[in-house]
2 protein chains.
Amino acid sequence: MASGTPPSAVEIVEVGPRDGLQNESTLVSTAAKIAYIEALVDAGVRRVEATSFVHPKRVPQMADAEQVMAGVPRDRGVSYIGLVVNERGLDRALAAGVDEANVVVVASETFCQRNQGMSIAEAVDSFGTISRRARDGGLRVTATIGASFGCPFEGEVPVATVASLARRCAEAGADEIALADTIGVGVPADVAALVDAVRAVTDLPLRFHFHNTRNTGYANALTAVSLGAAALDSSAGGIGGCPFAPAATGNIATEDLAYALRRSGVHFGLDLGKLVGAAALIGKELDMTLPALLGRAGDFPGALSAERAYASGAAS
Amino acid sequence: MASGTPPSAVEIVEVGPRDGLQNESTLVSTAAKIAYIEALVDAGVRRVEATSFVHPKRVPQMADAEQVMAGVPRDRGVSYIGLVVNERGLDRALAAGVDEANVVVVASETFCQRNQGMSIAEAVDSFGTISRRARDGGLRVTATIGASFGCPFEGEVPVATVASLARRCAEAGADEIALADTIGVGVPADVAALVDAVRAVTDLPLRFHFHNTRNTGYANALTAVSLGAAALDSSAGGIGGCPFAPAATGNIATEDLAYALRRSGVHFGLDLGKLVGAAALIGKELDMTLPALLGRAGDFPGALSAERAYASGAAS
């Protein structure tokens, strides 16, 4: 945000119910998931990645995808996204009544093979088929390019590979391109390089998905906004973790992102206090200390009581 | 880092032994502090804020300032900084053999009064006296403007107030101006505004001190570098906390900052692996889970073993 005029608004896509809960070992009840989503909607969220339509044996946390979709509020103007990696998943997502399909194509061969049992070429073909059927079914379609900033198996991922995938997914009918730093390795310079490369091949809206695995997620998000990102993914509470680093933290937290955006003069339409409440709700379900910091530190400017006088001297 | 050419280098000032340990409730032995500093020096650190010369009743964590200075390695080209808030502290710092004095002036009346029992005007006068005596004693002098990004008691701090203090401290003989986000409320837009305002009144090198209290510290640090900051404070492990928010995290972590700088192409001269080791050393002494994330997540590109194959599907 340091240079130029920051964009006046960005859309926050809440992914805690999907990417957050998927990567927590604790299984959360369907009722608790729905309560989490309801609290997020109360906080103003209007686009929620609610669940993932993948094989329940591979992702037991998402085995209740249909039940979650049957229970979420449908009269509040919310667009619900289901994550899909194959046609079987799309069939389920269509039947469950999602509004959008988020279809993943991973930008490295090894990771693509391990994640969904396909080569990149097969995943792009599959994207074309899924995209056409999803649009026929009335869904908005996002192509998420996984591991855009780096692969846990192959290391660096060429920017040209990501741009090529973005171009092919755009040609195959995507409504939006999402670039995901799946393992949380990117820095703002990577964001700038990817924006340049992808902007050269498509005018589709760009969405970004950052993990704060190495404490670069918020810097990346603010840079993406300054470069015109239309949407940012985040999870209330910062739940999620990383499957490749068991002790690592997860998605950037919605409330911390919202704090930074508000102070940067960027509009996003969410209530910070209610976001902190929604995060606390799921933190209690998961029985964990949330990676999000706003709930611990408090808002600013905020009312610090006189009793919290600083007594130790020599602050800096 | 998104725009323009990033500077090629920045100096990292390690403040874990002072601001880190000062804000941890656990008292660490003098020997452990010296071992921490030795590990940091082994990692390449050449500027260390080693201790604070304040009243031991107010800051018991720093009561062994003289003993720490007597034990640190003096043959490795390291410049040791002592934090000072009054003349008595300067006397002690000079006697203890520090290389630099970091003198704090807080940018809000209430906080200045609570922190060091003076008005801002008195603190500026005091800075002039301390600065002159310190320079006479051969020390380099930094003016740290505390609460430059916001005050826990008064809320917003005008940029003009910070710039005015910077100008007065520069005129009174500072060698360097440090702008401190003492309570971790700033965002990159604040950094840009402060750099503009302070650059208009002084050409002294700018140093920045960020806390990651609300997850904005790394974005701020990278922005400061992109705008020409000469030095950044950080604490190995991210130890420190915030006296106003008991559950909050502390300074930005040296190893996480180093990761982001390295990937951004900015030189800083430290060994990441050894930094993680130094952080682990003090984490063990403090018996805490470090706020720093690199030690948990691992470096990148890094060697992920085949056994860490991703088995759950549908990553993004």
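Entry 1. I took contact to mean heavy atoms within 4.5 Å. The model I examined is a predicted one.

Entry 2. I looked up how the two copies meet. Of the interface residues of chain A, 100% are also interface residues in chain B, so the copies meet through the same surface.

Entry 3. I turned to B:Val191, which I located in helix H8 (residues 188-199) of chain B. Buried means under 20% relative accessible area. B:Val191 has 0% relative accessibility and therefore counts as buried. Leaving out residues up to four places away in sequence, I listed its contacts as B:Phe149, B:Phe208, B:Phe210, B:Asn220, B:Thr223, B:Ala224 and B:Leu227. I also checked B:Ala143, 48 residues from B:Val191 along the chain, and found their C-alpha atoms separated by 17 Å.

Entry 4. I examined a helix pair in chain B. Helix H10 (residues 254-263) and helix H11 (residues 272-286) pack at an angle of about 165 degrees, and their axes are 9 Å apart. Angles over 145 degrees count as roughly antiparallel, and H10(B) is therefore roughly antiparallel to H11(B). The crossing of H10(B) past H11(B) is left-handed. On the H10(B) side I noted B:Thr254, B:Glu255, B:Ala258, B:Tyr259 and B:Arg262 in the contact, and on the H11(B) side B:Leu272, B:Leu275, B:Val276 and B:Ala279. By class, I recorded six nonpolar, one polar and two charged residues in this contact.

Notes:
Residues numbered from 1 in each chain as written. Chains lettered and ligands numbered in written order. Predicted model: local features only at pLDDT ≥ 70, side-chain atom pairs only at ≥ 80, totals over all residues. Heavy atoms only, no water. Helix = DSSP H or I, 4+ residues; strand = E, 2+ residues; numbered from the N terminus. Buried < 20%, exposed > 50% of the residue type's maximum accessible area, 1.4 Å probe, protein only. Axes fitted to C-alpha atoms, helices over the stretch in contact; angles between N-to-C directions. Parallel < 35°, antiparallel > 145°, perpendicular 65-115°, else oblique. Left-handed = near helix turned anticlockwise from the far one by under 90°. Nonpolar A, V, L, I, M, F, W, Y, C, P; charged D, E, K, R; others polar.
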